[in-house]
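Let's take a walk through this one together. Have a look at the model first, then read on.

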Amino acid sequence: MTTLPQQTDRKLGLVIDLDTCVGCHACVISCKGWNTENYGAPLSDQDAYGGDPSGTFLNRVHSYEVQPEAGAAQLVHFPKSCLHCEDAPCVTVCPTGASYKRVEDGIVLVNESDCIGCGLCAWACPYGAREMDQAAGVMKKCTLCVDRIYNENLPEEDRQPACVRTCPAGARHFGDLGDPDSAVSQLVAERGGLDLMPEQGTKPVNKYLPPRPRDTLGPPQGEIDVLAPFLAPVDEGPKGFLGWLDRTLEKL
């Protein structure tokens, strides 16, 4: 079985803002594109345009209708990929050592040349973040685009995971969550970032920012409606016959 490092130098991970994610799946497509066209182990598809298509994706977006105790119902888009847990059960169950956690940055990876496709890591992961590639016969997962973030041939602004670089809503953030002064750590502190399923004890590095309460019919007491200057005034004059008579007399 594979052992986990007692500690890592950094904790690279994602912070996903559920309040601003619009469910466009741009992150899913960019992840698939980068790992299929650029990474050394392509993500296969089987019968992609047939009656029973299947394929390997390292990032997926699920959508849920949520009904709060107070307020209107809302649609929450929930991106999901590997959370690069500190206490990653997918690593400790691996019989060949193919699944491992890096000491230098905390990223969980799979050495595909050592993977035998037994599926134990997928069984152990409580988040369903690993997928068996049917063509390659090995397990694949999010790598945080390790081939991008350290690639000095790329411009500085492109040294981020493909999903982060692509997100049009700015809902995905990348950085060192082990550094309390990093931008992602401060964002988590300000917005009350949450662990996914903390009861599992895996200590996920990735964090989720909860959605804010949605607007009600009117602004709360003391707040300013920023759209008010652009809205047409409400006609509170007389209606019906009296309204017609009033408008007619105004023309005289």
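What follows α6, and is its phi positive or negative? The answer is G192, with a positive phi near 70 degrees. Before going further, bear in mind that this is a predicted model, where local features need pLDDT of at least 70, side-chain atom pairs count only at pLDDT 80 or more, and totals for chains, interfaces and linings use all residues. Residues are numbered from 1 along each chain as its sequence is written, and side-chain values use heavy atoms, leaving out hydrogens and water.

Now for α6 itself, residues 183–191 (helices are DSSP runs of H or I, at least four residues; strands are runs of E, at least two; both are numbered from the N terminus). V184, S185, L187, V188 and R191 are buried here (buried is under 20% relative accessible area, exposed over 50%, partly exposed in between, with a 1.4 Å probe and protein chains only). They sit on the same side of α6 because they cover an arc of only 160 degrees around the axis, taken from the directions from the helix axis to the C-beta atoms. On the other side, A183, A189 and E190 are exposed. The cover over the buried residues includes β1 (12–17), β10 (172–176) and β11 (207–209), with contact meaning heavy atoms within 4.5 Å.

What about the cysteines? There are zero disulfides (pairs of cysteine sulfur atoms within 2.5 Å). The sulfur of C24 is 6.1 Å from the closest cysteine sulfur, in C167, so that is too far for a bond. C90 is in no disulfide either, with the sulfur of C82 nearest at 6.0 Å. C24 is partly exposed at 44% relative accessibility, whereas C90 is buried at 7%.
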